[in-house]
Amino acid sequence: MTAPVLAPLVRGVLLLVAVLLPAALPGWLPARPDLVVLVVVAAGLAGGPVTGALVGVAGGWLLDLVPPGAAPLGAGALLHLAVGGLAGTARRLVPWSAAVPVLVVLLAETGVQAVRLVLAAAGTGAARPGEALGTIAVTALAGVLFLPPLLALERRLAGPRGLPVSRPRRRSAR
């Protein structure tokens, strides 16, 4: 398969797994990770703001449509669009280090949970502050574990325009 066809297909499978996997976790867990944020942040950091925003819209729509869904339909899509776009912008504005992806995930999930709490306070949706804090913590931990392989995959999907890949320099033969 060619790269332009393979990248959306792989990202779609990743998003589908990210939406469905937390539902398969046991119900007695106090919090579940928001794996969609991890996929969206990885796409934004590796591919830029447009790629991040597009993956964010797709992931948000999946979250909105898969039961139990979201109260205002489309809110998840807009929210994750912003997360992906801002992650792609952070790639350009912040000097790269190993801590940047985890900090971006932490800030992104904090923003997602803050918006969900505001929507719940407005009467459209259900969110509890304790669950929100747990989700932020579990998502940050999942970011530490899963973001490096996701970024490596996204780096391969993004191709030469993505994150810089450190390669050994060849010595020129004189």
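Analyst: Two residues are said to be in contact when they have heavy atoms within 4.5 Å of each other. You are looking at a predicted model, in which local features need pLDDT of at least 70 and side-chain atom pairs count only at pLDDT 80 or more, while totals for chains, interfaces and linings use all residues. Residues are numbered from 1 along each chain as its sequence is written, and side-chain values use heavy atoms, with hydrogens and water left out.

User: Which residues is leucine 38 in contact with, once its neighbours within four places in sequence are left aside?

Analyst: Leucine 38 is in contact with Val105, Thr139, Ala142, Gly143, Phe146, Leu147 and Leu150. For the protein as a whole, if we take the contacts with a separation of 6 or more, 71% of them are between residues 24 or more positions apart.

User: Why is alanine 77 called buried?

Analyst: A residue is buried when its relative accessible area is under 20%, exposed when it is over 50%, and partly exposed in between (1.4 Å probe, protein chains only). Alanine 77 has a relative accessible area of 5%, so it is buried. Alanine 77 is found in helix H4, and, apart from neighbours within four places in sequence, it is in contact with Gly56, Val57, Gly60, Trp61 and Asp64. Leucine 62 is 15 residues away from alanine 77 along the chain, and the C-alpha atoms of these two are separated by 8.1 Å.

User: How do you know whether valine 19 counts as buried or exposed?

Analyst: Its relative accessibility is 9%, and therefore valine 19 counts as buried. Valine 19 is found in helix H1, where it is in contact with Val36, Gly59, Leu62, Leu63 and Val66, leaving aside its neighbours within four places in sequence. Valine 19 is also 16 residues from leucine 35 in sequence, with 7.0 Å between the two in space, C-alpha to C-alpha. In the protein, which has 174 residues, buried residues make up 39%.

User: What makes a set of residues a nonpolar core, and which residues have the most contacts inside the largest one?

Analyst: The members must be buried Ala, Val, Leu, Ile, Met, Phe, Trp, Tyr or Cys residues, joined through side-chain atoms within 4.5 Å. The largest nonpolar core has 27 residues, and those with the most contacts inside it are Leu38, Val41, Val104 and Leu147. Helices H1, H2, H4, H5 and H6 (129–158) each supply at least two residues of this core, and its largest share, 10 residues, comes from H2.

User: Why is the meeting of glutamate 154 and arginine 11 called a salt bridge?

Analyst: A salt bridge needs a side-chain nitrogen of Lys or Arg within 4 Å of a carboxyl oxygen of Asp or Glu. The side chains of glutamate 154 and arginine 11 come to 2.8 Å, N to O, so the pair meets that limit. Glutamate 154 is in helix H6 and arginine 11 in helix H1, 143 residues apart, and the pair thus links distant parts of the chain. Glutamate 154 counts as buried because its relative accessibility is 1%, and arginine 11 is buried as well, with a relative accessible area of 10%.

User: How many salt bridges does a search of the whole structure find?

Analyst: The search finds two. Arginine 116 forms a salt bridge with aspartate 34, and the closest N and O atoms are 3.9 Å apart, a value that lies within the limit and therefore qualifies. Arginine 116 lies in helix H5 and aspartate 34 in the loop between H1 and H2, so the pair ties together parts that are 82 residues apart in sequence.

User: What makes arginine 116 and aspartate 34 fall into the accessibility classes they have?

Analyst: Arginine 116 has 30% relative accessibility and so counts as partly exposed, whereas aspartate 34, at 7%, counts as buried. The loop that holds aspartate 34 runs between helix H1 (3–24) and helix H2 (35–47). Not counting residues up to four places away in sequence, aspartate 34 touches Leu63, His80, Glu109, Val112, Arg116, Thr135 and Thr139.

Note on methods:
Helix = DSSP H or I, 4+ residues; strand = E, 2+ residues; numbered from the N terminus.
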